[in-house]
Amino acid sequence: MKKHIVQLPGDGIGPEVTKAAKKVLETTAEQFGHTFTFETQDIGGAAIDHQGTPLPEDTLAACRKADGIMLGAVGGPKWDHLPGHLRPEKGLLGIRKQLGLFANLRPVKGFPSLLHASPLKREVVEGSDLLIVRELTGGLYFGEPRERRNDNTEVVDTLTYTRAEIERIVDQAFQSAQLRRRHLTSVDKANVLESSRMWREIVEEKKHDYPDVEVEHMLVDAAAMKLITNPGYFDVLVTENMFGDILSDEASVLTGSLGMLPSASIRQDGLGLYEPVHGSAPDIAGQDKANPLAAILSAAMMLRHSFQMSEEADEVEAAVHAVLQDKFHTADLKVAGGVVVSGSALARKVSEQMSSHDTTENIMRCYV
(Lines give C-alpha, C1' and ligand atoms only; values in the text may rest on other atoms or scores of the structure.)
Protein backbone atom coordinates (compact mmCIF):
# COMPACT_ATOMS: atom_id res chain seq x y z
CA MET A 1 0.00 0.00 0.00
CA LYS A 2 1.25 3.50 -0.85
CA LYS A 3 0.79 6.42 1.56
CA HIS A 4 2.11 9.98 1.48
CA ILE A 5 3.01 11.54 4.83
CA VAL A 6 3.65 15.24 5.45
CA GLN A 7 5.96 15.95 8.38
CA LEU A 8 5.70 19.24 10.25
CA PRO A 9 8.73 19.17 12.58
CA GLY A 10 8.05 22.62 14.02
CA ASP A 11 10.11 23.94 16.92
CA GLY A 12 12.35 22.87 19.78
CA ILE A 13 12.58 19.08 19.98
CA GLY A 14 9.99 18.71 17.23
CA PRO A 15 12.52 17.95 14.46
CA GLU A 16 14.19 15.28 16.62
CA VAL A 17 11.03 13.38 17.53
CA THR A 18 9.53 13.54 14.03
CA LYS A 19 12.81 12.15 12.66
CA ALA A 20 12.49 9.26 15.11
CA ALA A 21 8.88 8.63 14.09
CA LYS A 22 9.91 8.62 10.43
CA LYS A 23 12.54 5.98 11.13
CA VAL A 24 9.97 3.69 12.73
CA LEU A 25 7.49 4.28 9.90
CA GLU A 26 10.20 3.36 7.38
CA THR A 27 10.82 0.14 9.30
CA THR A 28 7.09 -0.56 9.26
CA ALA A 29 6.89 -0.03 5.51
CA GLU A 30 9.84 -2.34 4.89
CA GLN A 31 8.51 -5.04 7.18
CA PHE A 32 4.98 -5.06 5.79
CA GLY A 33 5.66 -4.30 2.14
CA HIS A 34 4.23 -0.77 2.05
CA THR A 35 5.56 2.35 0.37
CA PHE A 36 5.58 5.48 2.52
CA THR A 37 6.74 8.75 0.97
CA PHE A 38 7.60 11.78 3.09
CA GLU A 39 7.49 15.54 2.62
CA THR A 40 8.58 18.19 5.12
CA GLN A 41 6.88 21.57 5.58
CA ASP A 42 7.16 24.47 8.04
CA ILE A 43 4.78 25.29 10.88
CA GLY A 44 4.91 27.38 14.05
CA GLY A 45 8.03 29.33 14.96
CA ALA A 46 10.10 27.73 12.21
CA ALA A 47 7.55 28.93 9.67
CA ILE A 48 7.64 32.43 11.15
CA ASP A 49 11.42 32.48 10.82
CA HIS A 50 11.41 31.16 7.26
CA GLN A 51 8.21 32.59 5.80
CA GLY A 52 6.87 35.24 8.18
CA THR A 53 3.70 33.34 9.17
CA PRO A 54 3.00 30.41 11.52
CA LEU A 55 0.95 28.59 8.86
CA PRO A 56 2.19 29.12 5.28
CA GLU A 57 -0.06 28.39 2.32
CA ASP A 58 2.45 25.83 1.02
CA THR A 59 2.08 23.89 4.25
CA LEU A 60 -1.71 23.88 4.02
CA ALA A 61 -1.63 22.83 0.36
CA ALA A 62 0.71 19.93 1.11
CA CYS A 63 -1.37 18.76 4.07
CA ARG A 64 -4.56 18.78 2.01
CA LYS A 65 -2.95 16.28 -0.37
CA ALA A 66 -1.48 14.05 2.36
CA ASP A 67 -2.72 10.69 3.61
CA GLY A 68 -1.40 11.51 7.09
CA ILE A 69 0.34 14.38 8.89
CA MET A 70 3.00 14.07 11.61
CA LEU A 71 3.58 17.13 13.81
CA GLY A 72 6.49 17.59 16.21
CA ALA A 73 5.85 20.61 18.44
CA VAL A 74 5.34 24.36 18.16
CA GLY A 75 6.32 27.35 20.25
CA GLY A 76 9.09 28.60 22.47
CA PRO A 77 10.31 31.75 24.24
CA LYS A 78 11.99 32.98 21.06
CA TRP A 79 8.59 34.03 19.71
CA ASP A 80 6.87 35.14 22.95
CA HIS A 81 7.22 38.82 22.03
CA LEU A 82 5.11 38.49 18.88
CA PRO A 83 1.46 39.65 18.68
CA GLY A 84 -1.19 37.00 19.16
CA HIS A 85 -1.97 36.44 15.49
CA LEU A 86 1.70 35.69 14.76
CA ARG A 87 2.39 33.33 17.66
CA PRO A 88 3.57 29.80 16.73
CA GLU A 89 0.50 28.26 18.38
CA LYS A 90 -1.68 29.98 15.78
CA GLY A 91 -0.19 27.60 13.24
CA LEU A 92 -1.53 24.58 15.12
CA LEU A 93 -4.95 26.09 15.76
CA GLY A 94 -5.11 27.26 12.17
CA ILE A 95 -4.30 23.93 10.58
CA ARG A 96 -6.90 22.15 12.70
CA LYS A 97 -9.52 24.65 11.58
CA GLN A 98 -8.48 24.79 7.92
CA LEU A 99 -8.44 21.00 7.60
CA GLY A 100 -11.66 20.46 9.56
CA LEU A 101 -10.02 18.26 12.20
CA PHE A 102 -12.96 17.98 14.57
CA ALA A 103 -12.08 14.91 16.68
CA ASN A 104 -9.23 14.76 19.16
CA LEU A 105 -8.14 11.25 20.15
CA ARG A 106 -6.08 10.93 23.31
CA PRO A 107 -5.09 7.39 24.34
CA VAL A 108 -3.75 6.71 27.83
CA LYS A 109 -2.08 3.39 28.54
CA GLY A 110 -0.09 2.27 31.55
CA PHE A 111 3.42 0.97 30.81
CA PRO A 112 4.36 -1.54 33.53
CA SER A 113 7.94 -0.31 33.89
CA LEU A 114 6.77 3.29 34.45
CA LEU A 115 3.82 2.81 36.81
CA HIS A 116 5.92 3.57 39.87
CA ALA A 117 5.93 7.22 38.67
CA SER A 118 2.13 7.47 38.67
CA PRO A 119 0.49 9.62 41.38
CA LEU A 120 -1.92 6.71 41.88
CA LYS A 121 -1.21 3.43 43.63
CA ARG A 122 0.08 0.82 41.22
CA GLU A 123 -2.87 -1.49 41.85
CA VAL A 124 -5.26 1.31 40.84
CA VAL A 125 -3.62 2.35 37.58
CA GLU A 126 -2.18 -0.99 36.45
CA GLY A 127 -3.83 -2.31 33.29
CA SER A 128 -5.34 1.06 32.36
CA ASP A 129 -5.88 1.43 28.61
CA LEU A 130 -8.39 4.07 27.59
CA LEU A 131 -9.11 6.47 24.75
CA ILE A 132 -10.72 9.89 25.15
CA VAL A 133 -12.53 11.17 22.05
CA ARG A 134 -13.01 14.93 22.40
CA GLU A 135 -15.02 17.21 20.11
CA LEU A 136 -12.52 19.83 19.03
CA THR A 137 -14.17 22.62 17.04
CA GLY A 138 -17.44 23.50 18.79
CA GLY A 139 -18.92 24.14 22.21
CA LEU A 140 -18.07 26.83 24.73
CA TYR A 141 -14.65 27.62 23.25
CA PHE A 142 -16.08 28.72 19.90
CA GLY A 143 -19.64 29.87 20.63
CA GLU A 144 -20.84 33.42 20.04
CA PRO A 145 -21.50 35.82 21.62
CA ARG A 146 -18.55 35.97 23.99
CA GLU A 147 -18.31 39.36 25.59
CA ARG A 148 -18.36 41.55 28.67
CA ARG A 149 -21.44 43.69 29.24
CA ASN A 150 -22.88 46.37 31.46
CA ASP A 151 -19.71 48.31 32.16
CA ASN A 152 -17.70 45.14 32.73
CA THR A 153 -20.03 43.86 35.45
CA GLU A 154 -21.39 40.93 33.41
CA VAL A 155 -19.78 38.36 31.15
CA VAL A 156 -21.27 35.98 28.57
CA ASP A 157 -19.82 32.84 26.95
CA THR A 158 -21.99 30.71 24.69
CA LEU A 159 -22.07 26.93 24.47
CA THR A 160 -23.48 25.99 21.08
CA TYR A 161 -23.57 22.81 19.00
CA THR A 162 -25.40 21.73 15.89
CA ARG A 163 -26.88 18.26 15.59
CA ALA A 164 -24.44 17.50 12.77
CA GLU A 165 -21.44 18.43 14.93
CA ILE A 166 -22.54 16.07 17.68
CA GLU A 167 -23.43 13.26 15.29
CA ARG A 168 -20.02 13.21 13.63
CA ILE A 169 -18.05 13.05 16.90
CA VAL A 170 -20.35 10.36 18.27
CA ASP A 171 -19.89 8.33 15.08
CA GLN A 172 -16.13 8.69 15.43
CA ALA A 173 -16.27 7.46 19.02
CA PHE A 174 -18.35 4.41 18.10
CA GLN A 175 -15.92 3.58 15.29
CA SER A 176 -12.98 3.96 17.66
CA ALA A 177 -14.67 1.62 20.14
CA GLN A 178 -15.08 -0.95 17.37
CA LEU A 179 -11.27 -0.94 16.97
CA ARG A 180 -10.81 -1.55 20.70
CA ARG A 181 -12.84 -3.38 23.37
CA ARG A 182 -16.27 -2.22 22.16
CA HIS A 183 -17.33 -0.28 25.25
CA LEU A 184 -18.29 3.40 24.95
CA THR A 185 -18.88 5.81 27.82
CA SER A 186 -20.61 9.02 26.77
CA VAL A 187 -19.81 11.83 29.21
CA ASP A 188 -22.18 14.79 29.64
CA LYS A 189 -23.98 16.98 32.18
CA ALA A 190 -27.50 16.10 31.12
CA ASN A 191 -28.94 16.81 34.57
CA VAL A 192 -28.17 20.53 34.07
CA LEU A 193 -27.33 21.45 30.46
CA GLU A 194 -29.68 21.41 27.48
CA SER A 195 -26.72 20.81 25.18
CA SER A 196 -25.93 17.66 27.13
CA ARG A 197 -29.51 16.45 26.92
CA MET A 198 -29.33 16.76 23.13
CA TRP A 199 -25.93 15.05 23.20
CA ARG A 200 -27.39 12.10 25.14
CA GLU A 201 -30.37 11.83 22.80
CA ILE A 202 -28.06 11.59 19.78
CA VAL A 203 -25.91 8.91 21.43
CA GLU A 204 -29.08 6.91 22.09
CA GLU A 205 -30.08 7.25 18.44
CA LYS A 206 -26.64 6.35 17.13
CA LYS A 207 -26.15 3.24 19.23
CA HIS A 208 -28.57 1.35 16.97
CA ASP A 209 -26.06 1.78 14.12
CA TYR A 210 -23.34 0.09 16.21
CA PRO A 211 -25.01 -2.90 17.90
CA ASP A 212 -21.63 -4.50 18.66
CA VAL A 213 -20.67 -1.62 21.01
CA GLU A 214 -21.91 -1.46 24.60
CA VAL A 215 -22.93 2.10 25.57
CA GLU A 216 -23.36 3.85 28.89
CA HIS A 217 -23.93 7.47 29.92
CA MET A 218 -21.99 9.10 32.74
CA LEU A 219 -22.13 12.61 34.20
CA VAL A 220 -18.84 14.46 33.88
CA ASP A 221 -18.28 14.82 37.62
CA ALA A 222 -18.76 11.06 38.11
CA ALA A 223 -16.41 10.38 35.18
CA ALA A 224 -13.74 12.62 36.70
CA MET A 225 -13.92 10.71 39.97
CA LYS A 226 -13.88 7.30 38.30
CA LEU A 227 -10.80 8.23 36.23
CA ILE A 228 -8.95 8.57 39.54
CA THR A 229 -10.48 5.69 41.47
CA ASN A 230 -10.78 3.10 38.70
CA PRO A 231 -9.23 4.18 35.37
CA GLY A 232 -9.11 0.59 34.17
CA TYR A 233 -12.92 0.65 33.98
CA PHE A 234 -12.91 2.75 30.81
CA ASP A 235 -12.36 1.77 27.19
CA VAL A 236 -13.51 4.75 25.05
CA LEU A 237 -14.93 8.00 26.44
CA VAL A 238 -16.62 10.57 24.20
CA THR A 239 -17.49 14.08 25.25
CA GLU A 240 -17.81 17.70 24.18
CA ASN A 241 -14.98 20.18 23.90
CA MET A 242 -14.54 21.64 27.38
CA PHE A 243 -15.27 18.42 29.27
CA GLY A 244 -12.83 16.62 26.96
CA ASP A 245 -10.16 19.24 27.51
CA ILE A 246 -10.35 18.79 31.28
CA LEU A 247 -10.72 15.00 31.37
CA SER A 248 -7.92 14.36 28.87
CA ASP A 249 -5.51 16.47 30.93
CA GLU A 250 -6.58 14.64 34.07
CA ALA A 251 -6.05 11.28 32.36
CA SER A 252 -2.67 12.33 30.97
CA VAL A 253 -1.00 12.25 34.38
CA LEU A 254 -2.40 8.87 35.46
CA THR A 255 0.43 6.78 34.05
CA GLY A 256 3.19 9.04 35.36
CA SER A 257 4.83 10.12 32.12
CA LEU A 258 3.65 12.96 29.90
CA GLY A 259 6.49 12.15 27.51
CA MET A 260 4.83 8.86 26.55
CA LEU A 261 1.48 10.20 25.38
CA PRO A 262 0.43 10.41 21.71
CA SER A 263 -2.59 12.20 20.27
CA ALA A 264 -4.47 12.71 17.03
CA SER A 265 -6.85 15.25 15.53
CA ILE A 266 -8.84 13.73 12.68
CA ARG A 267 -11.77 14.30 10.36
CA GLN A 268 -14.45 12.07 8.84
CA ASP A 269 -12.53 10.97 5.75
CA GLY A 270 -9.68 9.66 7.92
CA LEU A 271 -7.13 12.41 7.39
CA GLY A 272 -5.42 13.11 10.67
CA LEU A 273 -2.81 15.27 12.34
CA TYR A 274 -0.75 13.15 14.74
CA GLU A 275 1.37 14.71 17.47
CA PRO A 276 2.93 13.93 20.85
CA VAL A 277 1.25 15.60 23.81
CA HIS A 278 4.51 17.05 25.15
CA GLY A 279 5.66 20.54 24.18
CA SER A 280 8.67 21.87 22.31
CA ALA A 281 11.11 21.67 25.30
CA PRO A 282 13.53 24.28 23.88
CA ASP A 283 15.91 23.80 26.82
CA ILE A 284 16.99 20.38 25.50
CA ALA A 285 16.50 20.99 21.76
CA GLY A 286 19.35 19.78 19.59
CA GLN A 287 20.95 17.72 22.38
CA ASP A 288 19.50 14.32 21.39
CA LYS A 289 17.91 14.03 24.84
CA ALA A 290 14.27 14.23 23.72
CA ASN A 291 12.07 11.22 24.37
CA PRO A 292 10.79 10.07 20.94
CA LEU A 293 8.30 7.49 22.19
CA ALA A 294 5.22 9.74 22.21
CA ALA A 295 5.93 10.69 18.58
CA ILE A 296 6.48 7.03 17.68
CA LEU A 297 3.20 6.07 19.37
CA SER A 298 1.52 8.94 17.48
CA ALA A 299 2.80 7.33 14.28
CA ALA A 300 1.20 4.08 15.42
CA MET A 301 -2.08 5.96 15.80
CA MET A 302 -1.73 7.20 12.22
CA LEU A 303 -1.25 3.63 11.03
CA ARG A 304 -4.37 2.54 12.91
CA HIS A 305 -6.80 5.41 12.37
CA SER A 306 -5.83 6.96 9.01
CA PHE A 307 -4.33 3.98 7.18
CA GLN A 308 -6.43 1.16 8.72
CA MET A 309 -3.23 -0.77 9.43
CA SER A 310 -4.07 -2.25 12.82
CA GLU A 311 -1.53 -5.07 12.66
CA GLU A 312 1.23 -2.62 11.83
CA ALA A 313 0.15 -0.33 14.68
CA ASP A 314 0.17 -3.28 17.08
CA GLU A 315 3.73 -4.06 15.97
CA VAL A 316 4.96 -0.53 16.73
CA GLU A 317 3.22 -0.41 20.11
CA ALA A 318 4.55 -3.84 21.09
CA ALA A 319 8.08 -2.78 20.16
CA VAL A 320 7.82 0.30 22.40
CA HIS A 321 6.60 -1.86 25.27
CA ALA A 322 9.40 -4.37 24.75
CA VAL A 323 12.14 -1.72 24.69
CA LEU A 324 10.86 -0.29 27.97
CA GLN A 325 10.65 -3.77 29.44
CA ASP A 326 14.30 -4.16 28.51
CA LYS A 327 14.87 -0.98 30.57
CA PHE A 328 16.14 1.30 27.81
CA HIS A 329 14.89 4.88 28.22
CA THR A 330 15.72 8.56 27.85
CA ALA A 331 16.68 10.68 30.84
CA ASP A 332 13.16 12.06 31.41
CA LEU A 333 11.87 8.61 32.37
CA LYS A 334 12.59 6.94 35.68
CA VAL A 335 13.03 3.21 35.17
CA ALA A 336 14.45 1.20 38.08
CA GLY A 337 17.76 -0.31 37.03
CA GLY A 338 17.33 1.20 33.58
CA VAL A 339 19.86 2.23 30.95
CA VAL A 340 19.70 5.88 29.83
CA VAL A 341 20.23 6.31 26.07
CA SER A 342 19.88 9.18 23.63
CA GLY A 343 16.63 9.87 21.81
CA SER A 344 17.98 8.66 18.49
CA ALA A 345 19.35 5.50 20.12
CA LEU A 346 15.96 4.77 21.68
CA ALA A 347 14.28 5.13 18.28
CA ARG A 348 16.82 2.69 16.83
CA LYS A 349 16.01 0.24 19.62
CA VAL A 350 12.33 0.36 18.67
CA SER A 351 13.12 -0.22 14.98
CA GLU A 352 15.48 -3.08 15.83
CA GLN A 353 12.84 -4.64 18.05
CA MET A 354 10.35 -4.53 15.17
CA SER A 355 12.87 -6.05 12.79
CA SER A 356 13.47 -8.97 15.17
CA HIS A 357 10.01 -10.37 14.23
CA ASP A 358 9.25 -11.25 17.86
CA THR A 359 5.94 -9.39 17.82
CA THR A 360 3.82 -12.02 19.55
CA GLU A 361 6.41 -12.55 22.25
CA ASN A 362 6.77 -8.79 22.71
CA ILE A 363 3.03 -8.33 23.18
CA MET A 364 2.93 -11.07 25.79
CA ARG A 365 5.91 -9.56 27.65
CA CYS A 366 4.12 -6.20 27.87
CA TYR A 367 1.50 -7.56 30.25
CA VAL A 368 3.52 -9.98 32.36
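Which residues does threonine 53 touch, not counting residues up to four places away in sequence? In this predicted model, threonine 53 touches Gly44, Ala47 and Ile48.

Threonine 53 sits in a loop, with α2 (44–51) on one side of that loop and α3 (57–64) on the other. Its relative accessible area is 27%, so threonine 53 counts as partly exposed, a class that lies between under 20% for buried and over 50% for exposed. From the C-alpha atom of threonine 53 to that of aspartate 314 the separation is 38 Å, and the two residues are 261 residues apart along the chain.

Strand β3 covers residues 68–73, and six of its six residues are buried, so the strand is largely enclosed by the rest of the structure.

| β1 (residues 2–10) | parallel | five | valine 6 |

The largest cavity has a volume of about 70 Å³. Two elements, β8 (183–188) and α7 (194–206), each give two or more residues to its lining. The most comes from α7, with three residues. Among the residues that line the largest cavity are Leu159, Tyr161, Asp188, Trp199 and Glu240. By type, the lining of the largest cavity divides into six nonpolar, three polar and two charged residues.

How values were computed. Residues are numbered from 1 along each chain as its sequence is written. This is a predicted model: local features need pLDDT of at least 70, side-chain atom pairs count only at pLDDT 80 or more; totals for chains, interfaces and linings use all residues. Side-chain values use heavy atoms; hydrogens and water are left out. Helices (H or I, at least four residues) and strands (E, at least two) are DSSP runs, numbered from the N terminus. Buried means under 20% relative accessible area, exposed over 50%, partly exposed in between (1.4 Å probe, protein chains only). Contact means heavy atoms within 4.5 Å. Two strands pair if DSSP finds at least two bridges between them. On a 1 Å grid over the protein atoms alone, a cavity is a set of points where a 1.4 Å probe fits but cannot get out, and a pocket is an open set with protein on both sides within 12 Å along at least five of seven lines; lining residues have an atom within 4 Å of a point. Grid points are joined across faces, edges and corners, and a volume is the space filled by probe spheres set on the points. Ala, Val, Leu, Ile, Met, Phe, Trp, Tyr, Cys and Pro count as nonpolar, Asp, Glu, Lys and Arg as charged, and the others, Gly among them, as polar.
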